[in-house]
Amino acid sequence: MKKPLEGILVIDFSQYLSGPSASLRLADLGARVIKVEKPVSGDMGRQLYCSNVIMNGESSMFHAINRNKQSYVADMKSAQEREKVYTLIAKADVLLHNFRPGVADKLGIDFDTIQSINSNIVYAELTGYGKEGVWKNKPGLDLLLQSVSGLTQLNGNDGAGPVPIGLAVIDILSGAHLAQGILACLYRKLTTGKGGKVEVSMLESALEYQFESVTCFFRDGGQPTERPKTNSAHAYLGAPYGVYKTKNGNIALAMGSIPFIGELLGCLELLNYPEVDSWFSQRDEIKGILANHLKTKDTKEWLAVLEPADIWCAEIMDWKTLFDKEAFKILEMVQKVQMSDGYGYETTRCPIQINGAWLKSEKGSPILGEHTEKINTEFA
Amino acid sequence: MLPLEGITVLEFAQFMAGPSAGLKMADLGARVIKIERPRTGEAGRQIALKNLFIDESSMVFHTANRNKQSYAANLKDANDLERVKKLIAQADVMTHNFRPGVMEKIGLDYDTVHSINPKIIYGVVSGYGPVGPWAKKPGQDLLIQSLSGFVNLSGNAEDNPTASGLATSDIFTGVHLVQGILAALISRTKTGKGAKIEVSLLESTLDIQFELLTTYLNDGNQLPKRVKKGSAHAYVAAPYGLYQTKDSYMAIALTPLDELVKAMGLSLPNQFLAKETWFTERDAIMDFLREHLIKETTQYWLDLFEPLDFRVSAVFDYKTILDHDAYKVLKMDQDVETSDGIIMKTTRCPIRIDGERIFSRKSAPKVGEDNGLIDNEFNLN
């Protein structure tokens, strides 16, 4: 299958997760992505941003984020090597980086310089907090962005203190927004010849992620976020929305009519809440009743009465359970990739399907500087 | 000039995932027309947070559907369907999230639409993919978070599985839909051909776990373990997490434990000297840190750590962040105004193009608000 971005060349100076997750998406959509890395240490994500699992000398995270890319090593502080990189940039469609404000200027890859080398390039930069203002030099790490943006107030139960989301959701979302901006500008470049500049900050992405609850805060006169006392899955939604223990596991219930659910479950106390408004205003009470009742039987028994009635519910699964399901297997979500030294590993594929086909790639992550010589020859 | 100017998107999609994709394309310059059933419109108009409504539609609907137009059509009525087909013939993109089989029944499945307009990009959102045993199950955000393993990553060891308290699956699925559609538009400039783009909530929610799934797939399938207290990531070593201070909380991200402890004026206990223990002994290490961090205020610690460039921050609620200079300088909010003159404050598009923020005062439309205009402009009658 011909991939939609075939022929597009992306020069990627970004490190860690946010920017590299954007270039991974572009790579899976068919672009050629060249990581430009500093000598010796390379992308800081090779060493600093780690899980407890090291694969072939580097963290599992790095391998997940940087498959399907090439690696070119250059010391941007050396005039000679910088010139070589400029030769690459002159032929590129996209350049991206996620340096803190000021660093790109020092490395000679600021917007004006790049424009003078390649006037219709799509230039994309990702920062933590934007390039203006009091926080512009603060480190832009996912957990910090979750913490300052109000996001940790939305998860978990009332009284639990701040609860972050247990993965780097803001890195990934800001990277996804960067990819959106890049794609939109590539479209314009191809139709009008005009490239463009794309800027995304993690803070703006984190706030837009919460657009429903932030708008709610504006609308309700600035009421503090109040999470349900128990079984919380959303601070701004009424009962039954939440996760509940059953006799043998956990079940999630989304929106639904409380008396109707009460009838289905044989929980007569719930018939006392016919008013739709009460499902929000008395949600703690209702959730308490539900939680007590759902403990009495196995998840399967509850699903057997709720699902046929089209109540939105699901069994809580871990990855082992999910991976055994036929519905998961047919998605072929796991793919095997291989590095140039023969090291193979399993990872997930791109979630987008085009014309009925999945976008897969067998290429693993690059060894630092693996493609430097080849690229020098190719672009000389 | 916004990058998607000149692009027309027909949005049959309802609720959050599809409409959030339409909103992003609208902000990037596309013209987005919601195709809605007459009178009641899309089902998302009645989904409310805190029971808040702006007019006859909820605040949530208004948040995800600003900057769009509405064309009311009964797709089961032959005349209406004919008009919609004429509109499709002139559009660049259409999106829907009907369960499998529904568009076939209506006669707006991909093959039919493709024969009307071979250049169209046809975007489909489903819960679990178009085929398979779950294809007809309801694809709702919390349910997908629950069965994809996502809820096992957040919260502390003893907590219930903890969902993210916002529509994470919907939002990422919408983001991925936009990526696929834009890539197909790019490809169309060279091939002249349209494409079908499909995303599902399940695949998108697995995708955002890609680093952790890759870890799981290559470490002999060890399931994630949340720490006892202050949990922020099941796979990252101490000190990563949230800590209570004398007056509030503080986040500590990737910061070397030995340097942190030294800066606190303490010495790292012997049993934690080996770096491997920073992961394996996370709970004990975090206990040790907690015991000391609680003694001073958040500001005290920030003043100590920030000059050392440690990755730390305070923990804010909406009131604090939205009052903060660091927020105000972003100019992240905007007013939108309905055709009735009701004003709603909301967030803007997070992407800046050519150095400019993207604002739009246009609110969500009323059902069928633009029928007359669109009938005329596209010659539908």
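Helices (H or I, at least four residues) and strands (E, at least two) are DSSP runs, numbered from the N terminus. Chain B has 16 helices and twelve strands by that count. This is a predicted model, in which local features need pLDDT of at least 70 and side-chain atom pairs count only at pLDDT 80 or more, while totals for chains, interfaces and linings use all residues. Residues are numbered from 1 along each chain as its sequence is written, and chains are lettered from A and ligands numbered from 1 in the order in which they are written.

**Chain B overall**
- Along the principal axes, the C-alpha atoms of chain B fill a box of roughly 80 × 50 × 40 Å.
- Of the 381 residues in chain B, 55% are buried; a residue is buried if 20 or more other C-beta atoms lie within 10 Å of its own, exposed if 12 or fewer, and partly exposed in between, with C-beta atoms placed from the backbone.
- Taking contacts in chain B between residues at least 6 apart in sequence, 68% join residues at least 24 apart; two residues are in contact if their C-beta atoms, placed from the backbone, lie within 7 Å.

**Where the chains meet**
- On the chain B side, 116 residues are in contact with 123 residues of chain A.
- Helix 7 (residues 168–191) of chain B gives the most to that side, with 14 residues.
- By class, this side of chain B has 64 nonpolar, 34 polar and 18 charged residues; Ala, Val, Leu, Ile, Met, Phe, Trp, Tyr, Cys and Pro count as nonpolar, Asp, Glu, Lys and Arg as charged, and the others, Gly among them, as polar.
- Strand 8 (residues 196–201) of chain A pairs with strand 12 (residues 351–353) of chain B in the antiparallel sense over three bridges; two strands pair if DSSP finds at least two bridges between them.
- Within strand 12 of chain B, R352(B) is the bridge partner of E199(A).

**A sheet with strands from both chains**
- An open sheet of eight strands, with mixed pairing, runs in the order 15(A)-14(A)-6(B)-5(B)-4(B)-1(B)-2(B)-3(B).
- Its edge strands, each pairing on one side only, are strand 15 (357–358) of chain A and strand 3 (69–72) of chain B.
- Strand 2 (residues 31–36) and strand 3 of chain B run parallel and are joined by four bridges, and E36(B) has A72(B) as its bridge partner in strand 3 of chain B.

**The nonpolar core**
- The largest nonpolar core has 231 residues, and among those touching the most other members are L26(A), I182(A) and I197(B); such a core is a set of buried Ala, Val, Leu, Ile, Met, Phe, Trp, Tyr and Cys residues joined through C-beta atoms within 7 Å.
- Helix 7 (residues 169–192) of chain A gives the most to this core, with 13 residues.
- Leaving aside its neighbours within four places in sequence, L26(A) is in contact with L5(A), V10(A), A31(A), V33(A), A179(A) and I182(A).

**Backbone details to look up**
- The peptide bond between A239(A) and P240(A) is cis, with omega about 5°, and P240(A) lies in the loop between helix 9 (211–219) and strand 9 of chain A.
- Chain B has a cis peptide bond from A238(B) to P239(B), with omega near 10°.
- N67(B), which is not a glycine, has a positive phi near 65° and is buried, with 24 other C-beta atoms within 10 Å.
- N221(B) also has a positive phi, about 60°, without being a glycine, but N221(B) counts as exposed, with 10 C-beta neighbours inside 10 Å.
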